[in-house]
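This briefing concerns the structure shown next. Please keep the sequence and the model at hand while reading.

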Amino acid sequence: MSVRVGILGATGAVGQRFIQLLDDHPTFDLAAVTASADSAGKTYREAAKWRVDTPIPDDVAEMEVTETTPAGVADADVDLLFSSLPSGVAAEVEPDFLEEGHVVSSNSSNDRMAADVPLTIPEINPDHLDLIEVQRDERGWDGALVKNPNCSTITMVPTLAAIDRFGLESVRVSTLQAVSGAGYSGVTSMEIIDNAIPHIGGEEEKMETESRKLLGEFDGAAVDLHSADVAASCNRIPTLDGHLENVFAEFAEDPSPDDLREAMRSFEGAAELPSSPDQLIKVFGDDEPERPQPRLDRTYADGMGVVAGGVQATDAGAKYNCLAHNTIRGAAGASLLNGELLVEEGYV
């Protein structure tokens, strides 16, 4: 089965990751790339300042960039759109595509917590995708919108899903987030070199709310948020890629560090998709307490997996570290997996 796809906001950092991940994809054929009106009419090579560590695919380089409107993708006859638009732009234009009947898998942060929008990690909560039926009824459109979570949330939640069996009650997390999470121009060198920035606007609230929605129960009509209390402190550090997070968890039960490591290591995702890693979570033992590290571990499973380590007991529960590649697993790769799930579940 071949599915024709387009990328909204294709010239930005996440859009470039989409292009990299879609190259030679077994199901998806890239048929449209959109950007701002200033880029429309140019070839992709002319419009994009390519910064990914692999060359622009030759066929994409010569594609004409169109404007980010339903008319801009009309001739491409796309079945599925991936959105990497800034959230403010996405909030304005994504509804236009949905009202025209398009199916959109979006990395943009707008509407992630909307009651009728599925926020999904396919290995964790694929059943939430059926919120699309509620969404279509309430909004009166034929299209469908699914969101993936924030890059820092998606690093932590797979590990929490794996250990939720022990009665997860409380989570405290402090993040060490790479500069690529702010986009190419998001943090200047004078701000970040020899420095750390203990604030990332909106990031803490996203982690605190999105994680509870992802771990919540879908009853066929709505998602009941997970009862765990979640608090986050988000920090920017001078690494290029890979978000490292320090997690402190409390449980109703009293799992040992070995119990937690085994739960993460043996966790089997709820969906098997073309881009899913064979083992979602790689876990380092107590013989390697210095791992995971961004430079060494961010490309685990081609950047689509999560790495954990440093699991220790505390007086209140346990602590551990986790890491994922923020622009692959945490952004474009997450939307790609949601797109694959949409195809598997018959929404495309």
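Which residue with a positive phi follows H1? Asp24 follows H1, and its phi is near 65°. The model is predicted: local features need pLDDT of at least 70, side-chain atom pairs count only at pLDDT 80 or more, and totals for chains, interfaces and linings use all residues. Residues are numbered from 1 along each chain as its sequence is written, and side-chain values use heavy atoms, with hydrogens and water left out. Helices (H or I, at least four residues) and strands (E, at least two) are DSSP runs numbered from the N terminus.

- An unreviewed UniProt entry assigns "domain: Semialdehyde dehydrogenase NAD-binding" to residues 4-132; UniProt positions follow the numbering used here, feature names are shortened, and annotations may be inferred rather than shown by experiment.
- Helix H1 (residues 13-22) is mostly covered, with eight of its ten residues buried; buried means under 20% relative accessible area, exposed over 50%, and partly exposed in between, with a 1.4 Å probe and protein chains only.
- The buried residues of H1 are Val14, Gly15, Gln16, Arg17, Phe18, Ile19, Gln20 and Leu22.
- Among the elements that cover these H1 residues are strand S1 (3-8), strand S2 (28-35), strand S4 (80-83) and helix H12 (328-344); contact here means heavy atoms within 4.5 Å.

**Annotated active site**

- The annotation "active site" in the unreviewed UniProt entry covers Cys151 and His243.
- These two residues span 93 residues in sequence, yet no two of their C-alpha atoms are more than 8.0 Å apart, so they gather at one spot.
- Cys151 is found in helix H7 and counts as buried at 13% relative accessibility.
- Beyond residues up to four places away in sequence, Cys151 touches Glu203, His243, Asn326 and Gly330.
- His243 lies in strand S11 and is buried at 0% relative accessibility.
- Leaving aside neighbours within four places in sequence, the contacts of His243 include Cys151, Ser152, Thr155, Arg236, Cys322 and Asn326.
- The side chains of His243 and Gln177 are joined by a polar contact of 3.5 Å; a polar contact is a pair of N or O atoms within 3.5 Å, where within protein one must be able to donate a hydrogen and the other to accept it, and residues adjacent in sequence count only if both atoms are side-chain atoms.

**Strand pairing around S11**

- S11 pairs with S7 in the antiparallel sense over eight bridges; two strands pair if DSSP finds at least two bridges between them.
- Within this part of the fold, Val247 in S11 is the bridge partner of Val173.
- S11 also pairs in the antiparallel sense with strand S14 (residues 318-324), over seven bridges.
- Cys322 in S14 stands opposite Glu245.

- Helix H9 (residues 203-214) has twelve residues and reaches 16 Å from its first C-alpha to its last, close to the 16 Å expected at 1.5 Å a residue; the expected span is 1.5 Å times one less than the number of residues.
- The buried residues of H9 are Glu203, Met207, Glu210, Ser211, Lys213 and Leu214.
- Seen down the axis of H9, its buried residues fall within an arc of 155°, so they line one face of the helix; the arc is that of the directions from the helix axis to the C-beta atoms.
- The cover over the buried residues of H9 includes helix H7 (151-163), strand S7 (168-177) and strand S11 (243-251).
- Leu119, in the loop between S5 and H6, is buried with a relative accessible area of 0%.
- Not counting residues up to four places away in sequence, Leu119 touches residues including Glu210, Lys213 and Leu214.

**Backbone exceptions in loops**

- Most residues other than glycine have a negative phi, and most peptide bonds are trans.
- Asp111 has a positive phi of about 70° although it is not a glycine; Asp111 lies in the loop between strand S5 (103-106) and helix H6 (131-139) and is partly exposed at 33% relative accessibility.
- Ala301 has a positive phi near 55°; Ala301 is placed in the loop between H11 and strand S13 (306-313) and is partly exposed, with a relative accessible area of 28%.
- Arg291 and Pro292 are joined by a cis peptide bond with omega of about 10°, and Pro292 lies in the loop between strand S12 (281-283) and helix H11 (294-297).
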